[in-house]
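Visitor: Can you walk me through this one? I'd like to start with the interface and then look inside a chain.
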Amino acid sequence: MTEKMMGGAGASRTSYQRYPRVRIREMKDDYLKFELRDTDASMANALRRVMLAEVPTIAIDLVEIEANSSVLNDEFIAHRLGLIPLTSDDAMSMRFSRDCDACDGDGQCEFCSVEFFLSVRCDSDQTLDVTSADLQSTNPRVCPVDVAANALSSAADGYDSAEQKGIIIVKLRRGQELRLRAIARKGIGKDHAKWSPAATVTFMYEPQIHINEDLMETLTLEEKRSWVESSPTKVFGIDPNTQQVVVVDAEAYTYDDEVIKKAEAMGKPGLIEIYPKEDSFIFTVESTGAIKASQLVINAIDILKQKLDAVRLQDEESDMKELTSHLGNL
Amino acid sequence: MNAPDRYERFVVPEGTKKVSYERDTKIVNAASFTVEREDHTIGNILRMQLHRDPNVLFAGYKLPHPLQYKIIVRIQTTSQSSPTQAYSQAIDDLDKELDSLKKGFEDEKTRFEEKLRQGY
Ligand SMILES: [Zn+2]
């Protein structure tokens, strides 16, 4: 049993855990900008990857066309329906259809699917747009995100804009008709991009910029201007009062090295040093609207925890192997 | 028609183990862990966390082929530790880091929302 203690969970194991810090800069329902510090790029990148490809949402996955006399073929319409973002606040607690034992995936199951109906016919000479607003959901918590947003805004201020038309699925002329039943399911972006809740997720290293002030003062105002202009993005500026070069926006720097090359070309190597801070990241998260951007981050943390849990060693076998390996080494 | 199911990329097939462990035959305290249906997301955070452990002499992972949905994590430790111990410790530490991150994010979100309310 002592060998088992050595291989297994001893009480005296030291932890090498980190405690990341977060600061939110900007937060809207579908946009989030925040700083993440005291962790490394592997963690930042894991979060980014999980947000893009592994946080679940709900999207239309099966379409039964009853009638389609539109100009687009059935599969084309089925594909377009799949790409419409649906409100997915319930996705985390839903079941994947393939894991659901309460049904056979027929769309009637409350645990794993939501049924939609669409029935539109054009009887006028004017072209009729079939949009996401024509989709009738059987679950009020799951509906096209633009429809949900309009319901909220028109309830608040009561005016309707051109934006309220919905996402166009197909256009119909006189006599054309589209009738179908669709089943929306829980899924992840890894399976198909239509399930990705993220429009974009990016992170950058926070740049640390050191200007060699003594060397900078050897430059004439004209040289300073030309050096400041050499950056493709507006990182530096000149203080109108002191005529000193100042950092206007460090994060505008794209690690393009242009100002460094320019300094060298001017015969002033070491004028500027720019390092990426390796434990400090600036994240930008844009959501499709399926879930809030802030919820997307929280869900990504939860999913990553679940993934880690799934790769834990099963105790009995690892301890057994560990024990035999220890005996073998003696 | 004979295309494999899309979910084969992330659902562990029946009868296959998520993690299998194989001890190195030549080097002491070295082993490979084959993790089914995982990729760079897990591979890289595990590797970097293992590097924080001073008893870990080597830690690396590879994705052998883009169409084989698995990663292989190789670990060598000093005699003070063992590959399985280091592996489990790394997962525990990452898990706790994420707990702390979640709490930190939620607190900051509350604080930020409160700040916005005060502003209006
Ligand atoms: Zn079901």
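Guide: What follows covers the contact between the chains, then a helix pair and a salt bridge. Keep in mind that this is a predicted model.

Visitor: How many residues of chain B and chain A are in contact?
Guide: On the chain B side there are 50 residues, and they touch 54 residues of chain A.

Visitor: And what area is buried between them?
Guide: About 5300 Å² is buried between chain B and chain A, with carbon and sulfur atoms giving 59% of that.

Visitor: How many salt bridges between chain B and chain A?
Guide: The count is nine. One pairs the side chains of D302(A) and K102(B), at 3.0 Å from N to O.

Visitor: Which elements of chain B supply the side that touches chain A?
Guide: At least two residues each come from β1 (19-23), β2 (30-36), α1 (40-51) and α2 (83-119) of chain B. The largest share is that of α2(B), with 24 residues. By class, this side of chain B has 19 nonpolar, eleven polar and 20 charged residues.

Visitor: Switching to chain A. How do the axes of α2 and α8 cross?
Guide: Helix α2 (residues 41-53) and helix α8 (residues 293-310) of chain A have axes that come within 9 Å and cross at roughly 105°. That angle falls in the range of 65 to 115 degrees, so α2(A) and α8(A) are roughly perpendicular to each other.

Visitor: Which residues meet there?
Guide: From α2(A) they are M43(A), A46(A), L47(A), V50(A) and M51(A). Facing them in α8(A) are L296(A), V297(A), A300(A), I301(A), I303(A), L304(A) and K307(A). The contact has eleven nonpolar residues, no polar ones and one charged.

Visitor: Back to salt bridges: how many over all chains?
Guide: The structure holds 43. Among them is the pair K190(A) and E54(A), at 3.9 Å from N to O.

Visitor: Where do K190(A) and E54(A) lie in the chain?
Guide: K190(A) is in the loop between β8 (177-187) and β9 (198-211) of chain A, and E54(A) is in the loop between α2 and β3 (57-68) of chain A. The pair links distant parts of the chain, 136 residues apart.

Definitions and conventions:
Residues numbered from 1 in each chain as written. Chains lettered and ligands numbered in written order. Predicted model: local features only at pLDDT ≥ 70, side-chain atom pairs only at ≥ 80, totals over all residues. Heavy atoms only, no water. Contact = heavy atoms within 4.5 Å. Buried area = accessible area lost by both parts, 1.4 Å probe. Salt bridge = Lys/Arg side-chain N within 4 Å of Asp/Glu carboxyl O. Helix = DSSP H or I, 4+ residues; strand = E, 2+ residues; numbered from the N terminus. Nonpolar A, V, L, I, M, F, W, Y, C, P; charged D, E, K, R; others polar. Axes fitted to C-alpha atoms, helices over the stretch in contact; angles between N-to-C directions. Parallel < 35°, antiparallel > 145°, perpendicular 65-115°, else oblique.
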